[in-house]
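Me: I would like to go through this model with you, one topic at a time. Please keep the answers plain.

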Amino acid sequence: PLENLGTLRAIAFDKTGTLTEGKPRLTDVVPAAGVDALDLLAVAVAVETRSDHPLAQAIVQEGGARLDGRVPPTVTAVSSITGRGVRATLDGDEVLIGSAALFDTTGGVDPAVQAAADQLNAAGRTIMVVKHGATFLGVLGVMDTPRAAAREAIAALAGVGIRRSVMLSGDHQLVADSIAREVGLTDAWGDLMPEDKVAAIEKLRAEEGKVAMVGDGVNDAPALAHATVGIAMGAAGSDVALETADIALMGDDLSKLPIVIGLSRKASGIIRQNLYLSLGMVAFLIPATILGFVGIGIAVIFHEGSTLVVVANALRLLAYRKRTAGPEVDR
């Protein structure tokens, strides 16, 4: 993996928790015509309370606070719809909360609600449409903030030879494009289901030859496994990450990525130097000794001396982080 990392030119990133903070917040509540905003929030909070998705937590925490003491209704039969949203039952009618794609098989989204969702998508929000029975209650907008170090890390990766940086996201393409522009990525692929990320990695491998995948090592395990090099961020304590990824960064600091790749490139260069030196010395000493130009004792000294030079040359890698990233990395 370390050798492959030093020769690849493309990296794919998971969005949530890798390029972003993974702590989304509720930013917009847009009720449909004739619907009270508190009614929309009450239904959403009631359903999302039963979900452990990061987006659900944002709605429960911030939406619940906006209810100002109002008790959400009781819902039953809550179930997740992979990659799309969640469904539940309220007062005998089905409640659906999720992306616009969730409603493709039920006649689509109400045009007015869809227009509001499109505006939120264009502003970089992840949207969740809420429907109770036959009535669309409105749309919620959630935003996950990009990591402060993301833009600097992407720029640093370009500086060590990464020519293509791609974000893989289940969010709407407009949301993916917005975040990609903010952090400086070359590509953003949105509207991806979990299994689509594996296909995306295979496509990148076909186009670039080698590709690294950076993710949290849990939800992205299949994509990590299919990449040339899988890199798990924040892998401390995660058995799944350690077992799936080829390289595990124990912290979630994106600034470590350029260091790892730069170190790999440097290591590959030193390996080549050492091979040329050691094989060149052998190629010189064998004929020189056979022909009598060098005594066996001198040949041994030269051979062992070249071994020490090889070791000393390799030890230069120990100073790489200090030269590249400064003393704060060592802490």
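**Helix α7 and beyond**

Reply: Just after α7, Gly184 takes a positive phi of about 90°. Helices here are DSSP runs of H or I with at least four residues, strands are E runs of at least two, and both are numbered from the N terminus. This is a predicted model: local features need pLDDT of at least 70, side-chain atom pairs count only at pLDDT 80 or more, and totals for chains, interfaces and linings use all residues. Residues are numbered from 1 along each chain as its sequence is written, and side-chain values use heavy atoms, with hydrogens and water left out.

Me: Which residues of helix α7 are buried?

Reply: In α7 (residues 173-183), the buried residues are Val175, Ala176, Ser178, Ile179, Ala180 and Val183. Buried means under 20% relative accessible area, exposed means over 50%, and partly exposed lies in between, with a 1.4 Å probe and protein chains only.

Me: And what do the buried residues of α7 pack against?

Reply: Their partners are the helices α2 (15-19), α5 (111-122) and α6 (150-159), together with the strands β6 (126-132), β8 (164-168) and β9 (187-189). Contact means heavy atoms within 4.5 Å.

Me: Changing topic, how many salt bridges does a search of the whole structure find?

Reply: The search finds 10. A salt bridge is a side-chain nitrogen of Lys or Arg within 4 Å of a carboxyl oxygen of Asp or Glu. One of them joins Lys15 to Asp171, with the closest N and O atoms 3.0 Å apart. That pair links distant parts of the chain, Lys15 being in helix α2 and Asp171 in the loop between β8 and α7, 156 residues apart.

Me: Are Lys15 and Asp171 buried or exposed?

Reply: Both Lys15 and Asp171 are buried.

Me: What does Arg163 form a salt bridge with?

Reply: Its partner is Glu208, and the closest N and O atoms are 3.1 Å apart. Arg163 lies in the loop between α6 and β8 and Glu208 in helix α8 (residues 194-208), so the pair ties together parts that are 45 residues apart in sequence. Arg163 counts as exposed because its relative accessibility is 57%. Arg163 and Glu208 also belong to a network of salt bridges with Arg164, Asp187 and Glu207.

Me: Where does Glu48 lie?

Reply: Glu48 lies in helix α3 (residues 37-48).

Me: Why does Glu48 count as buried?

Reply: Glu48 counts as buried because its relative accessible area is 5%. Leaving aside neighbours within four places in sequence, Glu48 is in contact with Ala56, Ile59, Val60, Val86, Ile97 and Met128. The C-alpha atoms of Glu48 and Val86 are separated by 8.1 Å, although the two residues are 38 apart along the chain.

Me: Which residues other than glycine have a positive phi?

Reply: Asp91 has phi near 55°, and Asp191 has phi near 60°. Asp91 is found in the loop between β4 (85-90) and β5 (93-98) and is exposed, at 70% relative accessibility. Asp191 is in the loop between β9 and α8 and is partly exposed, with a relative accessible area of 44%.

Me: Last one: what sits over the ring of Trp189?

Reply: The charged end of Lys203 does, 4.9 Å from the centre of the ring. A charge sits over a ring if NZ of Lys or CZ of Arg is within 6 Å of the ring centre and within 35 degrees of the ring normal.
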